[in-house]
Amino acid sequence: MLRTRIAVSVAAAAAGLAVLTACSGAETAQPVIAPAAAGGAGGGQIANGQVGNAAPASNESKLVVADVANVGQVLTDQNGMTLYRFDKDTAKPPKSNCDGDCAKAWPPMLATGDVQVQGVDKSLVGKVTRSDGTEQITVGGWALYRYAKDTKAGDATGQGVGGAWYAANAKGGKAGQAASEAGVVKLSASNIDGLGEAIVDQNGMTLYLFTKDTKKAKTSSCNGDCAKTWPPVLSNGKVELQGIQSKLLGSIKRADGTEQVTIGGWPVYTFSKDLKPGDANGMGVNGTWFVIEPNGCKIGTTPSATASQAPAANSGAGSSNDSSGSGGATY
C-alpha cells in the first residue's frame, strides 16, 4: 500500500472535525471523570523512596554518565539504573510534580549526603525539596527519577512514556532522539496481528479510543488515575501522519491544560499494559476501549478476551480497572 507522509498543524486541522467518517457501534456515553493525580505510568511498592529492582544497593548517591542501547549517553545512578526527567516538572525554579502514585511508578532519586559525580559537571548538580520534605537530586534544575519497570542496569523502558518521560543526559536535557524530536508526534497506519490495520504512534505503540468520550467532545473523559492506565497522546501543535487522512486530525484541551490529539473526532490514547510495538492488550477492555483504525473508527464491535483477563489496578498503570477513592470508577 502506498503510504503518504504528511506534516500537519493540529490547530490548522481542527476544522477537519466537521468531516468525520461514520463509524458503527456505540459512539457516545456519559463521561466518567477520575480525580486528578500526578502523571506517570506503571506501579510498584515504595521502600525508602525506591521501587522494586530500581532501588539502589547502598545509600550512596552517585551520578554516572553511561551509554545505553538505542538511547545513547544518559545519566545513571551508582547501580547503572537509567535516570529520567519529567516534562511536567520545572527547572527554573526546580520543582517536582510527581508525587503519590506517580512516585511509585517513578521513584525520585533522593539525596543522601554529598552527591558524587562521574562525567557530570558538579556545578549542574543540585537538590529540590519534595512535598514530603525529602530532598531530590537535580541536574540542570531537572529532578531525577528511576523507573519501576527498569529491572536491570542498561534498561531504559521509560524512554518516551506518556510523551513526558525521557532519559536525562549529563546536562539534565533529554537524551537520545527525543532531544531533537521533542513535541513531534508521528502517527501511522500499521497492521496489528489478529486485528488488521490500526493507528500506531512514533514508537510503534497501538492507539485506542474510549467510548465514554464523544466524537465532538471538547475535552477527555479519562483523567487522573484513568490517564495513568491510558496515557493520552499529547502534542505541542505538530503531528506527522502516514497513511491517515489529514482531514481526520484535530485536538482537544485536557483538564490539565495539555493538548491531546484526536483522530476522526476521537481523543486517542496508548495503554500502559502494552509493553512493545504490536501489542494490543487494551482491545475491548471493559467494553469501552477499542483499537482505532486509520479511518477514525473503532476496530470490532465486541470486547476481546483481554477484557476479562485484565486485573484490577492498585496504582493506575498496568491494569484495565482502577478504583478511585471517590467511588470506585472503572476505566
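The following legends describe close-up views of a predicted model.

Local features need pLDDT of at least 70 and side-chain atom pairs count only at pLDDT 80 or more, whereas totals for chains, interfaces and linings use all residues. Residues are numbered from 1 along each chain as its sequence is written, and side-chain values use heavy atoms, with hydrogens and water left out.

**View A. An open sheet of three strands has the order 18-19-20 with antiparallel pairing.** Strands are DSSP runs of E of at least two residues, numbered from the N terminus; two of them pair if DSSP finds at least two bridges between them. Strand 18 (249-253) and strand 20 (266-267) are the edge strands. Strand 19 (residues 259-263) is joined to strand 18 by five bridges, and I263 is the bridge partner of L249.

**View B. F86 and W165 form a stacked aromatic pair.** Rings of Phe, Tyr and Trp (its six-membered ring) pair if their centres lie within 6.5 Å; planes under 30 degrees apart count as stacked, over 60 as edge-to-face and the rest as tilted. Here the distance is 4.2 Å centre to centre, with 10 degrees between the planes. F86 belongs to strand 6 (residues 84-86) and W165 to strand 13 (residues 165-167), so the pair ties together parts 79 residues apart in sequence.

**View C. The rings of Y269 and W289 form an edge-to-face pair.** Their centres are 5.0 Å apart and their planes lie at 85 degrees. Y269 is buried at 0% relative accessible area.

Note on methods. Helix = DSSP H or I, 4+ residues; strand = E, 2+ residues; numbered from the N terminus. Buried < 20%, exposed > 50% of the residue type's maximum accessible area, 1.4 Å probe, protein only.
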